[in-house]
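Good morning, colleagues. Please take a moment with the sequence and the structure before I describe them.

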Amino acid sequence: PFPEQGAQVFKNSIEEFNGIFEHLCSLFRERTLAGQLIKSAGAVLENAYAPYSKYRVGAAVLTSNGNIYTGCNVENASFGATICAERGAAMKAISEEGSCGITAIAIASESEEPAPPCALCRQFLSEFAGPDMQVYLYSLASGVLRHYNFGTLMPHVFEL
Ligand code: THU
């Protein structure tokens with residue numbers, strides 16, 4: 001019986017190793033994607049049209065198909081017509097892919113404390129994102145990075 005037992009122990013260790021390896025790979029993939037998303041949000045902030053507030057925002061969303069779409073805030077002299085970076089990015093994603101799920105979003109700003117999405121954008125995003133959407137807030141000025149689950153930021157979604 002000994003060789004069989006040995007083989008079983010060996011098989012178990014291999015399986016355990018594979019499990020740990022897979023887990024590390026998925027952590028690495030997640031980190032790499034988050035890095036790409038944050039970089040994209042920071043880059044698109046340069047295109048922000050914010051002559052009134054001078055507050056520039058860039059956003060990048062990741063869809064369930066694995067694609068990244070970016071958006072920046074676009075202000076208007078009729079202030080209410082202003083569109084936030086987050087909704088701009090989501091609009092691009094939905095226009096290209098239909099109402100695909102959004103699995104992560106990065107938002108870049110230049111205030112010391114990185115800007116969280118406004119309540120209007122949270123409600124807007126809630127139709128395309130679940131509570132487990134990853135939210136990365138990054139300040140280009142201070143380097144502060146905050147990480148939330150969408151469910152923490154938007155616990156009570158209005159639905160019809
Ligand atoms: N802004 C965004 O782009 N996203 C937010 O979630 C908060 C606010 C923009 C809108 C406006 O152009 C500027 O920031 C100041 O409110």
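Let me begin with a term: helices (H or I, at least four residues) and strands (E, at least two) are DSSP runs, numbered from the N terminus. This is a predicted model, in which local features need pLDDT of at least 70 and side-chain atom pairs count only at pLDDT 80 or more, while totals for chains, interfaces and linings use all residues. Residues are numbered from 1 along each chain as its sequence is written, and side-chain values use heavy atoms, with hydrogens and water left out.

Five strands make up an open sheet with mixed pairing, in the order 2-1-3-4-5; two strands pair if DSSP finds at least two bridges between them. Strand 2 (68-72) and strand 5 (145-149) each have a single partner strand and stand at the edges, so one side of each lacks a neighbour in the sheet. From one strand to the next, the twist averages 15°.

Consider the individual pairings. Strand 1 pairs with strand 2 in the antiparallel sense over five bridges, and V61 has Y69 of strand 2 as its bridge partner. These two strands form a hairpin with four residues between them, and G66 in the turn has a positive phi of about 90°. Strand 1 also pairs with strand 3 in the antiparallel sense, here over seven bridges. Along strand 3, S109 is the bridge partner of V57, A108 stands opposite G58, and A104 is the bridge partner of L62. Strand 3 and strand 4, by contrast, run parallel and are joined by six bridges; A108 has Y138 of strand 4 as its bridge partner.

How many residues of strand 1 are buried? Seven of its seven residues are, where buried means under 20% relative accessible area, exposed over 50%, and partly exposed in between (1.4 Å probe, protein chains only). Both faces of strand 1 are covered, with V57, A59, V61 and T63 on one side and G58, A60 and L62 on the other. In strand 3, seven of the eight residues are buried.

Two residues illustrate this setting. V57, in strand 1, has a relative accessibility of 11% and therefore counts as buried. Setting aside neighbours within four places in sequence, V57 is in contact (heavy atoms within 4.5 Å) with residues including L45, A48, A85 and I107. The C-alpha atoms of V57 and G42 are 8.2 Å apart, although 15 residues separate the two in sequence. Q134 lies in strand 4 and, at 17% relative accessibility, also counts as buried. Beyond residues up to four places away in sequence, Q134 touches T103, A104, I105, H147, Y148 and N149.

Next, the interior. A nonpolar core is a set of buried Ala, Val, Leu, Ile, Met, Phe, Trp, Tyr and Cys residues joined through side-chain atoms within 4.5 Å. The largest such core has 21 residues, and V61, I102, I105, L125, M133, V135 and F150 are those with the most contacts inside it. Two or more residues each come from strand 1 (57-63), helix 2 (85-97), strand 3 (102-109), strand 4 (134-139) and helix 4 (150-153). Which element gives the most? Helix 2 does, with five residues. A second, separate core has ten residues, including A34, L37, L62 and A108.

I now come to S111, in the loop between strand 3 and helix 3 (119-125). Its side chain makes a polar contact with the side chain of Y55 at 2.7 Å. A polar contact is a pair of N or O atoms within 3.5 Å; within protein, one must be able to donate a hydrogen and the other to accept it, and residues adjacent in sequence count only if both atoms are side-chain atoms. A polar atom of the S111 side chain also lies 2.8 Å from the backbone oxygen of E113.

Finally, the ligand. Where do polar atoms of E75 and E86 lie relative to the ligand? A polar side-chain atom of E75 lies 2.5 Å from a ligand oxygen atom, and one of E86 lies 2.7 Å from an oxygen atom of the ligand. For C118, a backbone N or O atom lies 2.9 Å from a ligand oxygen atom.

Note on methods: Axes are lines fitted to C-alpha atoms, for helices over the stretch in contact, and angles run from 0 to 180 degrees between N-to-C directions.
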